[in-house]
Amino acid sequence: MATNGDARPKRKQSPVSFLDRPAKHLRPETSAPTPGDATPQNGTVYNVDSEISAAPILNPLAAPANSPEWQATIENVVKSVVSIHFCQTCSFDTDLSMSSQATGFVVDAERGYIMTNRHVACAGPFWGYCIFDNHEECDVRPVYRDPVHDFGILKFDPKAIKYMELKALNLRPDSAKVGVEIRVVGNDAGEKLSILSGVISRLDRNAPEYGEGYCDFNTNYIQAAAAATGGSSGSPVVNLAGHTIALQAGGRMDGAATDYFLPLDRPLRALQCIQNNEPITRGTIQTQWMLKPFDECRRLGLTPDWESAIRAAAPKETSVLVAEIVLPEGPADGKIQEGDVLIKVNGEFLTRFGRLDAILDASVGKTLHLLLQRGGEDVEVRLDVGDLHAITPDRFVTVAGGSFHNLSYQQARLYAVAVKGVYICEAAGSFKLENTLSGWIVESVDQRPTPDLESFMKVMDSIPDKSRVVLSYRHLRDMHTRGTSIIHIDRHWHPKMRLAVRNDETGLWDFTDHGTPKPAAPPVPRSADFIQLDGVNHAAAADIVCSFVRVSCNMPVKLDGYPQARKTGFGLVIDAEKGLVVVSRAIVPYDLCDITITVADSIIVEGKVIFMHPLQNYTIVQYDPKLVHAPVKSAPLSSTMVKQGEDTIFVGFNQNFRVVVAKTTVTDITTVAIPANASAPRYRAINLDAITVDTGLSSQCSNGVLIGSDGIVQALWLNYLGERTPNTHKDVEYHLGLATPSLLPVISLIQGGYHPSLRILNMESYVVHMSQVRIMGVSEEWIQKVAQANPSRHQLFMVRKIDCPPASGETKGQSLQEGDIILTLNGKLITRVSEFDIMYDQGALDALIVRGGKEMQLRIPTVPTEDLETSRALIFCGAVLQKPHHAVRQQISKLHSEVYVSARSRGSPAYQYGLAPTNFITAVNGVKTPNLDEFVKEVSKIPDNTYFRLRAVTFDNVPWVVTMKKNDHYFPMSEYVKDLTQPSGWRTISYHSAGKSSGGESDGAPLTAEGMDEGGGESDDGGEGEAEDERE
């Protein structure tokens, strides 16, 4: 299936350029970056299509300085304006989960109602608070968000405001007239209060188009010159009398100082219904109308007689309503056509959206009589008016990591499709599809149709854990193309199928569990044969194909700074009898994951992590060989080091997962440094001798081997995760060779049934040459010894960086220092990286070094590696907290605590209040929390929805304090703990008000790795690069 992002949109494109499009005026939360916060600002910038009309636009008048009358008006208005800080905690309908700021204003002081925009009140789960002009704060909850128009109503407790008199602004939609001077009072550009002046220039603008997100339609908009910016969404537009005459909604982003306001006739009606405890009925015939001037309507076939009649009935009108989109299978399908000019509704001339809305809203379940003109002919139709609320989803289900609801009228109108089908509002977990988070329609699961959410839930409830089923789907941008994928159903990391239903009484979404996950079926042995290479003249290459398997790694949560939730590559079978496979650690970075191994492109079996090398970028995984009836061969590994200039055969897998072969030459074997990722530390190979070869295939292939003509594997060809580029936010991946002799000791231990317990020197080194070491104090005698010991590389190693000791204190014994030149370890001269391997089984090493121009003897302790891998992850307020992993200790000089923020979820309290990845938490409410146990103890004392203080330190050693609230309804605390007695190797713990329980996911909003950021912006499998050569 072609990449849907490149598909041509179904909807008509605006004739204006990208720069001329307006934008919603949401303000990203935490607009001032938190100290050390390298992540992108929260929230989303929406680009909007501007609409060009032939109607004349009055030039805006220059607004004079505020007169005393305006000053008095503003002083009264500001007391009713609030700054709204909110999150949409889950992706829903047109919007991903997010955190942002906006504006609202009190419209009922006695009952506590606030008017704002729909895209602020959120179609999905909402959590937020508002701040009044005197800096009093209170929680708000949505009681209504319109299905179509851009307004919503929030409720607060008036009794919570104790230090100022609450005043409501009057809604006066009839006061909006061309030429009226206005003020926009709101939270503009992140300021708590900003006042912008302008003059209304148009009342008949069509609703702006906001790209592929939420868009208002079937209403006119008011246009004025005001130049509001981010955060002003929901601001009141007031006249000199202090009346609210419109609602701020969007504006141009090209500096044209043009803003768009929503008329208040429909918001006023909704407010009155709520005040009177009446239902807010909303009718629809599933047709989008556009205001078009008479000259264009003539071209569509409007006859002179009808034009005369319309102008006589409405002398001030210069435009009429024309059908723009008629949804398939809706009430108007087959009766109204695009381009039809609306003349009358129920015998009444109709030229305005407001009157059409009023008729529809009063006619739900009834029949309308429409008179249209189509190509100069009169057309009369009768239509049944549907309930707009019925085609606006108020529930969603989460299962296997994905989130789903019935397709909304918003999405259907945007793409001109029928309002039916199951929509994936967050394509994550098992339902991660083609690198797009949303926009998919599920047609069938396990070859069973899923026309609606209820049938989808029944199908999913019947599928056992770990099943592989066929998923059929389409994307809204390309309904012509049907996609088919095989998905792996995850009901162990995400065991619950949970239905969330909106509750307008409480403002929350109520979660209920449905069904019980069915256990996985026992695996069945299967048979297969490997492919045969056509036209390859190297017998060795043909044989090695039987030693390759495909390895896929799926991670339920982001740990250790790793940027992705899913990675696939190829591994090499090193022991077919025991099912041992070596694979790049850039593919399997940690063991909180699901590993699947595909043998011969046919047999899929589960794998588990056996060993992860702390330095050399490889992981050893294991599968059950009893389940594989295929001629899998153990790859023979060379025990001698390949040499520069030696002929070799490159066998790799290209981007299409196809085997490619080339005879080539080893061009270089040199010590390289994989650059550290500055924004978020993550695993990288260090102290590495890398092999490069003379073939262009090496840059195209991320995995493979170098083999000799005898079929012996001389080196693994691995992908190495590097740094993230600051400009493009893409992750650089390096492709290099790793000689096999260094693997043999570890493999021997594993084959013997032992788990390797390696010890390492806690330092990173780099190469220095003789011209440098002579100046730094190395004697001529040692320089001659180096030349004799390593004729091909006259080099020594200098300590670049010492790993940070644990937060509990310094390591005992003598230690290396940065800048030390290492001469010998245990009496052996060190001129090659491979000679450092003696550290792996030594508790301490006798080192001869040069420091400050003088030779010194040291007894250097080595560090055990068991403590370097993550064994516990705490999910708190949407943040992933863990003990600082090895990459953190490699890049920092001091660990401030063992509570490290590794990632955070969009729309969570951690996102809203700025608790950023790479921060350390040192105290909770003044109580020190040096480790996760102490942290859990302290935060468990904090009641829900209550502020508390976290003392944090950034990665750059800047201390700061964050105040934030818990939200146990959407973001309860949970934990992953390594437990080798569990089938997955990990145990989950959920914390409740009554205590904690094991064995299930948390009861709040769905948390997935795809919805998290780890501190470096958007991740990408991105390009290839060249590692730094260790030479000056």
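Predicted model: local features only at pLDDT ≥ 70, side-chain atom pairs only at ≥ 80, totals over all residues.
Local features need pLDDT of at least 70, side-chain atom pairs count only at pLDDT 80 or more, and totals for chains, interfaces and linings use all residues. Residues are numbered from 1 along each chain as its sequence is written, and side-chain values use heavy atoms, with hydrogens and water left out.

**Exercise 1.** Find how many disulfides the structure holds, then look at C138.

*Solution.* Start with the rule: a disulfide is a pair of cysteine sulfur atoms within 2.5 Å. The structure holds zero of them. Next, take C138: the nearest cysteine sulfur belongs to C130 and is 3.6 Å away, and C138 is in no disulfide.

**Exercise 2.** Are C138 and C546 buried or exposed?

*Solution.* First, recall the cut-offs: buried means under 20% relative accessible area, exposed over 50%, and partly exposed in between (1.4 Å probe, protein chains only). C138 has 6% relative accessibility, so C138 is buried. C546 has 12%, so C546 is buried as well.

**Exercise 3.** Work out where A400 and D560 lie, and describe the phi of A400 and of D560.

*Solution.* Begin with the background: most residues other than glycine have a negative phi. A400 is not a glycine, yet its phi is positive, about 55°. A400 sits in the loop between β23 (395-399) and β24 (402-406); strands are DSSP runs (E, at least two residues), numbered from the N terminus. With a relative accessible area of 0%, A400 is buried.

Now turn to D560. D560 is not a glycine either, and has a positive phi of about 55°. The loop that holds D560 runs between β33 (548-554) and β34 (566-575). At 9% relative accessibility, D560 is buried.

Technical notes:
Helix = DSSP H or I, 4+ residues; strand = E, 2+ residues; numbered from the N terminus.
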